[in-house]
Amino acid sequence: MGAPVDSAEPPQECVELEQQLFGLEAGLTGVATVARVRWSSDTPMQTSLVVTGWRDQTRETPLEATPATAHEHLLTGLHQQSSYTIQARGTSPDGTVCSAEITLETGSLPASLAPLSADVRAAADDQGYTFTHIISENSLYAAIIDNDGEYVWAAKVWDREVDGGGDPGSHAIIFRVMPSPDGTGIIFNTQGERLDETGDLVHIAWTGEELSRRSFLAGHTDFVLLPDGGAAMLGWTLRSFGDRTLLGDTIMVQGPDGDTRVICDAFDHLVPDLGRTYNTGFMPEEGDIEDWSHVNSISHDAETNELYVTITANNGVARIDAETGETAWILSDESDDFDIAAERTVHFPHSVQRIGDELLVFNRRNPGDTTMCSGAVNIALDETARTAAETWRWEGGGCFHVGFLGNAQRTDEGNTVTSWSHFGVMDEVTPDKDLVWRVSLGIGAAFGFSHRAPTLAGAPQ
């Protein structure tokens, strides 16, 4: 996780300074930690930027893909209110050539962005960036945090003091933030307040402007991007049972061409227990409906092209074919698909990730019992023998009872990143539960879903 490491070798000595690379200039964009850098070369060459700044670390951007004489780079991964020295570098028949150095001063991210503190910093050679959203009483931002526990990017979704109007409930909420596949910025999702409104996937450029928007009718809470350029999103649906109306969930898949189809409907796979009453008021504009299935997260396994969703109605996780919507199994105490070693192995879940023969599940636990600790749980599966057992658990080193959102993600290195949502805490632990990174927000602010990415497009490495 964190920002890229220092170069293992010192920079090559430059020859013919300024004669082959020249005109280097940099200016801040609409986001105070993103700079547009331009320079020229007298012959076509592939170049990079050497950046020295935070803690005197020297890092270099990836080499350009193709030779050119006019060069431009959106430089990301910078800290606010910091000074950086930048130099362009390339290779010519004469050897390594460099431009003159320039100095860049980054600006300040908006003051209404909730303050962030690093309780535990990662090791200097760890890599990665955490994408999330930051919500407080007066504002909502999509944001990226590095391993130093510092904001390196943020874009306003709404700011009540700036935009005016109403209480926080009158503004759009977002849930998941992740990097766009093309490296041009971030994508986040919104949801509507009614079934005839859309949940949108919004693509924001590194420079802050909106690039595109994809809509899903009645879309809500979570989404995944698919390898073919499409996306899947959770949706809402209603069904009546006598004088009762229950709110259920669907999975919608939208292709790259924008065509959207429902591949799965909870009412077709689960039977509501009409001997129970379910919470009302979840969607006030739709009347006195009961919130039944409450599917609240979705993930994608690219190797098998399958989706995994968490379901509150039966404390379950479902494995679903992303093409056909066919359900392979449901892992739940209320299902006969698996022999589970202990009760409540899956309990009010809010995220799931498939990792080989295991699942990583974030269990929020019963919202009516605040003495129960939420946590990230590793579950070993034997799909032949149809057995499941918890093998590992992380509860934050204390006891957080998460009331909304919250999730866990396994990194490529095998660590686990957990968002404790309204507690304003995110952390990363090793398999031995050694805490290697923790950041906290000020009182009254919360994290949304967290998404860890090993690199950041445009950042020096």
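Predicted model: local features only at pLDDT ≥ 70, side-chain atom pairs only at ≥ 80, totals over all residues.
Me: Why is aspartate 333 called partly exposed?
Reply: Its relative accessibility is 43%, and since partly exposed covers the range between under 20% for buried and over 50% for exposed, aspartate 333 counts as partly exposed.

Me: What makes glutamate 323 and arginine 261 a salt bridge?
Reply: The side chains of glutamate 323 and arginine 261 meet at 3.3 Å, N to O, and because a salt bridge asks for a side-chain nitrogen of Lys or Arg within 4 Å of a carboxyl oxygen of Asp or Glu, the pair qualifies as one. The two residues belong to distant parts of the chain, 62 residues apart, with glutamate 323 in the loop between β24 (316–321) and β25 and arginine 261 in strand β20 (residues 260–265). Glutamate 323 is partly exposed at 48% relative accessible area, and arginine 261, at 36%, is also partly exposed.

Me: How do you know that aspartate 427 and arginine 438 form a salt bridge, and are they buried or exposed?
Reply: Their side chains meet at 2.7 Å, N to O, which falls within the 4 Å limit for a salt bridge. Aspartate 427 lies in strand β33 (residues 425–429) and arginine 438 in strand β34 (residues 435–441), so the pair ties together parts that are eleven residues apart in sequence. Both aspartate 427 and arginine 438 are buried, a word that stands for under 20% relative accessible area.

Me: Why is strand β17 described as largely enclosed by the rest of the structure?
Reply: Strand β17 (residues 219–225) has seven residues, and six of them are buried, so the description follows from that count.

Me: What makes β17 and strand β18 a pair?
Reply: Five bridges join β17 to strand β18 (residues 231–241), and because at least two bridges are needed for two strands to pair, the strands count as paired; they run antiparallel. Valine 224 stands opposite alanine 232 in β18, and the two strands form a hairpin with five residues between them, where glycine 229 in the turn has a positive phi of about 95 degrees.

Me: Why are β26 and β27 called edge strands?
Reply: Five strands form an open sheet in the order β26-β30-β29-β28-β27, with mixed pairing, and β26 and β27 (349–355) each pair on one side only.

Conventions:
Residues numbered from 1 in each chain as written. Heavy atoms only, no water. Buried < 20%, exposed > 50% of the residue type's maximum accessible area, 1.4 Å probe, protein only. Helix = DSSP H or I, 4+ residues; strand = E, 2+ residues; numbered from the N terminus.
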